[in-house]
2 protein chains.
Amino acid sequence: MSPEVHPGLEGVVAAETQLSSVDGLAGELIIAGFPLAELAPNATAEETIYLLWNGQLPNASQLSELQQALASQRVLSPATLDLLRAVAAEKASTMDALRMAAGSLISTDDPDADAVRVVAQLPTMVATYWRLRQGQAPLEPRTDLSHAANYLYMLHGSAPTPQQVRALETYLNTVVDHGLNASTFTARVITSTGSDLISAVVGAVGALKGPLHGGAPGPALDMVFAIGKPENAEPYLRQKLESGERLMGFGHRVYKVRDPRADVLALAADKLFEGAGDSSFYDLVRHVEETAIALLAEYKPGRRLQTNVEFYTAFLLHGLDLPTDLFTPTFTIGRAAGWIAHCFEQRATGRLIRPQSVYVGPHNRTWTPLDER
Amino acid sequence: MSPEVHPGLEGVVAAETQLSSVDGLAGELIIAGFPLAELAPNATAEETIYLLWNGQLPNASQLSELQQALASQRVLSPATLDLLRAVAAEKASTMDALRMAAGSLISTDDPDADAVRVVAQLPTMVATYWRLRQGQAPLEPRTDLSHAANYLYMLHGSAPTPQQVRALETYLNTVVDHGLNASTFTARVITSTGSDLISAVVGAVGALKGPLHGGAPGPALDMVFAIGKPENAEPYLRQKLESGERLMGFGHRVYKVRDPRADVLALAADKLFEGAGDSSFYDLVRHVEETAIALLAEYKPGRRLQTNVEFYTAFLLHGLDLPTDLFTPTFTIGRAAGWIAHCFEQRATGRLIRPQSVYVGPHNRTWTPLDER
């Protein structure tokens, strides 16, 4: 009797978690007990990190302690900085550079300290590498800014507005955790061997790099730019669909209704563009979305293709003046806090993750010397 | 209805493979169609690498091509070397340094080229770091030596004997693959997102670092040193068992009979010590093993605790003058070829590995402002 094979482990429940609940049919995402829409627009990045790592929101002194711990750990070591300079000369991708820089951290015996250090340094790594790639001098991180504000400062060289910080925090909160996605699962498998937290995060960054995981918010943005003005939306999208092309930013493996993250990010993007005093681009985006949904229902009836997280990610991050090359690295900065929470949870189980494989190769081969092959 | 949870994925078949078959009840290990005892003592490291990556043994010109490709890629980049120097100053563990150095490789769009480069460089990374930690100047790799011979040369500074090379090759072949162990599974999960081969290997090194995976051959060696001479074996081991201690080098999660790898390594160690003209230490080891098996049957009847791979790994690598700190890094050098073969196999499926989690946390939490917490 052959054992049942679960390629992709689809539908196999590999862990219990208190961190997030993804209900794709209901379009519901719970983060540590909070409906996403309740948490994401309210919490600072630090509050969400504390929530995931401790199971509850921090009080003022707990929050202050975490803020200070993160702020004090932002500066890269000379070894990490040297590595980023060397990699920039080779023009490696930002995700490759981020994986390498995260991997240059030496792990300690203290998972809590490693957790703070890696979360504190990921934004510095991304911003430093990005400026090096642009031929600009990297900026020193500031200790007087929040996690999100400091990232924007290090990228752009000026302190962000409160609206910009709020928009980025809502984004980071929105992507902080999402069940046992492949990068989170990678982090749990590595942790399950008793390995250290840095190893788990580096493995997870490597998994997130893959196009089947990290996704591609860039093309949705390119599409809206190509459309340019509302009256072009319908003919442009119709032509795409007539020629059998996929519309980027719609459809998701799990969500069969509107991705709850899209709503939260749409609202955040709305406020961001409104705060900047020009909603015309945002209005175009909404029009493109509505037109696309209507046309997808017409061309692909029954498929229920809905707006996914990538669509509004693109416009929110674009509204923060982030280039598309930084979309996946910024996603990584957000998700890292979730990975680490899963590492803590996995570590508490004390259990090795070790599935089986079934052998389908030849048997009883015998050795043939080289001169007889 | 609650879904069935498979913590640790124990017994869940997550992949089909043509690379290895582990039958723990029969004590059988097949490597790409060959019973382990048929392949391991006969093949060079390069032949086994070719076998796993291509499904069959190479002919003379195929083998020569792989040998030259590996030999030509052994030199570390300045960035990797600088990183190892910086890490040596921090006295990081050899496995930490190996993960960091492997992570400093920039991935390309060519998985075959990445595969050769990372396999060629892992021995250089280990030997370079080891010499740096000892305050010795690293040695340049030699292109005229085989994969195994060059590793021993870079560690010790002199070309090894044919017996030493044969012993190391038998070891590397023996540990090259072993089903869906946690590091191999990590490599497959990372690859499944479409990510690159370097990311997969770095993640796998991180998983192998964990004490529940990489194991600890060192303590078995320490035990035999502490015993010192044959007549001490029984009283020493009896006292350990009376006080409830575990005997290191015995028992395995999968194998319920003698680990087939132990036999192959025992034979290789026998030849190595015999070739070196002094079998007294090896005779002691055999006596300790026999005594331990007899006493385990007496103290733990029904548990069927048998010699595992770690026991003879310790004596074989000790016979090659490798310090215990290099046991797991040397295991990594062997296993990396298997990881990469699994990456190729996973890539061919085109499938994302993405299990489910079940949420067991709170629901419907509502936001509480900071000043009310």
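This is a predicted model: local features need pLDDT of at least 70, side-chain atom pairs count only at pLDDT 80 or more; totals for chains, interfaces and linings use all residues.

Mentor: Two strands are taken to pair if DSSP finds at least two bridges between them.

Strands of a sheet pair through backbone hydrogen bonds, in a parallel or an antiparallel sense.

Start with β2(A) and β3(A). β3(A) covers residues 28-31, and four bridges join it antiparallel to β2(A). Two of the positions can be named. Asp23(A) faces Glu28(A) across the pair, and the bridge partner of Val22(A) in β3(A) is Leu29(A). β2(A) and β3(A) make a hairpin, with four residues between the strands. Within that turn, Gly27(A) has a positive phi of about 65°.

Now go on to β4(A). β3(A) and β4(A) pair over two bridges, again in the antiparallel sense. Ile31(A) stands opposite Phe34(A) in β4(A). These strands also form a hairpin, with two residues between them. Ala32(A), in the turn, has a positive phi of about 45°.

Next, what does the sheet have to do with the rest of chain A? The chain is divided into domain 1, made up of 15-213 + 338-349, and domain 2, residues 217-319. The C-alpha centres of these domains lie 27 Å apart. Where they meet, 19 residues of domain 1 are in contact with 15 residues of domain 2. Together the domains of chain A bury about 1400 Å², of which 78% is on carbon and sulfur atoms. On the domain 1 side, Gly24(A), Tyr171(A) and His178(A) lose the most area to domain 2, together 32% of what that side buries.

α8(A) gives the most, with seven residues. By class, that side has 10 nonpolar, seven polar and two charged residues.

Chain B has a sheet to set beside this one. An open sheet of three strands in chain B has the order β2-β3-β4, with antiparallel pairing. β2(B), residues 20-23, and β4(B), residues 34-35, are its edges with a single partner strand each, so one side of each lacks a neighbour in the sheet. β3(B), residues 28-31, is joined to β4(B) by two bridges and runs antiparallel to that strand. There, Ile30(B) stands opposite Pro35(B).

Strand pairing also occurs across the chains. β5(A), residues 356-359, is joined by four bridges to β1(B), residues 13-17, and these strands run parallel. Tyr359(A) stands opposite Thr17(B) in that pairing.

That pairing brings us to the chain interface. In total, 98 residues of chain A are in contact with 98 residues of chain B. The chains bury about 8300 Å² between them, 62% of it on carbon and sulfur atoms. In chain A, Arg354(A), Arg365(A) and Trp367(A) lose the most area to chain B, together 11% of what that side buries.

Between chain A and chain B there are six salt bridges. In one salt bridge, the side chains of Arg351(B) and Glu10(A) meet at 3.2 Å, N to O. Residue pairs in polar contact between the chains, with each residue at pLDDT 80 or more, number 55. The side of chain A that touches chain B consists of 47 nonpolar, 36 polar and 15 charged residues.

Key
Residues are numbered from 1 along each chain as its sequence is written. Chains are lettered from A and ligands numbered from 1 in the order in which they are written. Side-chain values use heavy atoms; hydrogens and water are left out. Contact means heavy atoms within 4.5 Å. Buried area is the accessible area (1.4 Å probe) that two parts lose on being put together, summed over both. A salt bridge is a side-chain nitrogen of Lys or Arg within 4 Å of a carboxyl oxygen of Asp or Glu. A polar contact is a pair of N or O atoms within 3.5 Å; within protein, one must be able to donate a hydrogen and the other to accept it, and residues adjacent in sequence count only if both atoms are side-chain atoms. Ala, Val, Leu, Ile, Met, Phe, Trp, Tyr, Cys and Pro count as nonpolar, Asp, Glu, Lys and Arg as charged, and the others, Gly among them, as polar. Domain bounds come from an automatic or database domain assignment.
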